Amino acid sequence: MPNRFSIPLLLAVLFAWLGAAPAAHAQWETKQINGRDYVCVDGMKKFYGFESVKRSGNQCVLHKPVMVKDPKTGETVDKGVVVELQNGSQDCLMNGVKFVFSYQVEENGGRLWMSRIDLTKLVDPVLRPNYIPDAGNFKTVIIDPGHGGKDPGATNGLGTEATYNLDVGSRLKGMLTTAGYRVLMTRESDRYLTLQERVQIANGVNENAIFISIHHNSGGSSARGIETFTLSPIGVAHYGRGLNASDFEMRTGNSHDSGNVALATAVHGSLLTILKDKDSGKSYTLDRGIKRARFSVLTGVKHPAILVECGFMTHEYEARLIASEAYRNTVAKAIQLAVVRYSKAVSKSPAANP
C-alpha cells in the first residue's frame, strides 16, 4: 500500500501523472439519486487509469501506483495516489488531504456513486489541473490580509487576527517577489477596507492572476486546524447551511471553479506538509479540509481565488503558535511554495488524446 499521507506527492504526483489524457472511450454510468445527477465511482478506474478500486464495508479505496526511487535508500517504492471515499459521507481523502464534497457519496444497486458536481468541480480539477482553461501563465499574485483598522478580526490575549494576517501577507509578498512574481496587496498597513473594496482592488488587475485571502480562525476553545475555502459552484450551498435561491445564481468567481479548487489543493496540502516537526513528523495542526463557501471576496473576484484560515486564535495551543514569528514565516513559506507548484501544474499542456 502506498504512503497515503505523503502530501507533497499529492501536489507533485497528482499534478503530474494524472495530467495525462483520460483513457480512450471511457464512459461514465450515470443516474439520478435524490433528484441529483450521480456518476458511478467504478468509472473512475478506467477514466483516470486507477489500477484498483477496493471496497470494504462502507469504505472505497482507489489506487494508482507510481514507482519512485527513494533518494535516501535507493530503493524503488510505491508513492502512488490514493483516493478514499465512504458511503454516506461528504469527506474524501486524496493522499491524506481532506476534501469536503458538496453531497455525500451514495450506495445504490450495491455500488458507490458520487455526485456529478463533485466529480466535475472538485475531483477532476485536482486530478487533471493542466486541463483547466485560462489558469496558467500568470505572474501576478494578489494577497488579501483580512480585516484591519477598525476591524481587528479575532482577538486573544496575545494579539489580533488583523495584525497576524498582515504579517503573514507581508512575508509572503517578499518570498513571492524573490521568486519572480508581481505581488499586489489589498492593504499594506493597519487600515480598514470593505469587502467590496478588496474585490475592486483585485479586479483592477487585468492580466492573469490569482487571489489569496489570509485569515486566522475563531471558534470554540477546542476548535483547531487549517481549513481552506473556495467559492461554492452554482447550485451548491455555503458550507454548513442549506440551499438558498441565490445559490443558483452565477457569480463572477464561478468562472474559475476548477482553478479555485486546484489552487486550494496546492495551498492546503503545502501547509499540512510543512507544519510538522522535522524530527518526529508530528503535525502542529489538524486538517479541517478544503470546503465551499460564498464569502464576498470569493464571489466577486474575477481571478482564481481562495480564502485560507491559518489556525485558530481561540485555541490555547494554536494561539501561541500563531503568535510565534517562526510559525507565521513557515505559513508564508508554505503558501509561496504552493503558488510555484500550482503555477507549474496548470501551465502544462494536456497530453494528446490516444
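Helices here are DSSP runs of H or I with at least four residues, strands are runs of E with at least two, and both are numbered from the N terminus. By that count the protein has nine helices and 19 strands.

A word on ground rules: this is a predicted model, local features need pLDDT of at least 70, side-chain atom pairs count only at pLDDT 80 or more, and totals for chains, interfaces and linings use all residues. Residues are numbered from 1 along each chain as its sequence is written, and side-chain values use heavy atoms, with hydrogens and water left out.

**The overall picture**

The radius of gyration of the protein is 20 Å, close to the 20 Å that the globule rule gives for 354 residues, so the protein is as compact as a globular protein of that length. (That radius is taken over C-alpha atoms, and the rule is 2.2 Å times the number of residues to the power 0.38.) Along the principal axes, the C-alpha trace spans about 55 × 55 × 40 Å. Buried residues account for 53% of the 354; buried means under 20% relative accessible area, exposed means over 50%, and partly exposed is in between, with a 1.4 Å probe and protein chains only. Take the contacts (heavy atoms within 4.5 Å) between residues at least 6 apart in sequence: 71% of them join residues at least 24 apart.

UniProt, in an unreviewed entry, puts the feature "domain: MurNAc-LAA" at residues 199–340. UniProt positions follow the numbering used here, feature names are shortened, and annotations may be inferred rather than shown by experiment. Over residues 199–340 the chain is 36% helix and 21% strand, with the end C-alpha atoms 23 Å apart.

Helix α6 covers residues 257–274, and its 18 residues reach 26 Å from first C-alpha to last, close to the 26 Å expected at 1.5 Å a residue. The expected span is 1.5 Å times one less than the number of residues. Most of α6 is covered, with 15 of its 18 residues buried.

Aspartate 247 is in the loop between β17 (226–231) and α6, and is buried at a relative accessible area of 0%. What does aspartate 247 touch, not counting residues up to four places away in sequence? The list runs to Pro233, Ile234, Gly235, Val236, Ala237, His238, Arg241, Gly242 and Arg294.

Leucine 298 belongs to helix α7 (residues 296–299) and is buried too, at 2% relative accessibility. Setting aside neighbours within four places in sequence, the contacts of leucine 298 include Phe229, Thr230 and Leu231, along with Ala305, Ile306 and Leu307. Serine 221 is another matter: leucine 298 and serine 221 are 77 residues apart in sequence and 27 Å apart in space, C-alpha to C-alpha.

The structure holds six aromatic pairs, where rings of Phe, Tyr and Trp (its six-membered ring) pair if their centres lie within 6.5 Å, and planes under 30 degrees apart count as stacked, over 60 as edge-to-face and the rest as tilted. Phenylalanine 138 and tyrosine 342 make a tilted one, 5.8 Å centre to centre with 40° between the planes. This pair links distant parts of the chain: phenylalanine 138 is in the loop between α3 (116–127) and β12 (140–145), tyrosine 342 is in helix α9 (residues 325–347), and they are 204 residues apart.

Tyrosine 131 has its place in that loop as well. Tyrosine 131 and glycine 259 are 128 residues apart in sequence but 9.9 Å apart in space, C-alpha to C-alpha. Aspartate 134, also between α3 and β12, has a positive phi of about 60° although it is not a glycine. Most residues other than glycine have a negative phi.

Asparagine 95, in the loop between β8 (91–94) and β9 (97–100), likewise has a positive phi, of about 50°.

Here is how accessible these residues are:

| Residue | Relative accessibility | Class |
|---|---|---|
| Asparagine 95 | 1% | buried |
| Tyrosine 131 | 26% | partly exposed |
| Aspartate 134 | 64% | exposed |
| Phenylalanine 138 | 2% | buried |
| Tyrosine 342 | 0% | buried |

Elsewhere, ring pairs link Trp28, Phe47 and Tyr48 into a cluster. Lysine 139 lies over the face of tyrosine 181, at 4.6 Å from the ring centre, and the charged end of lysine 150 sits over the ring of tyrosine 192, 4.6 Å from its centre. A charge counts as over a ring if NZ of Lys or CZ of Arg is within 6 Å of the ring centre and within 35 degrees of the ring normal.
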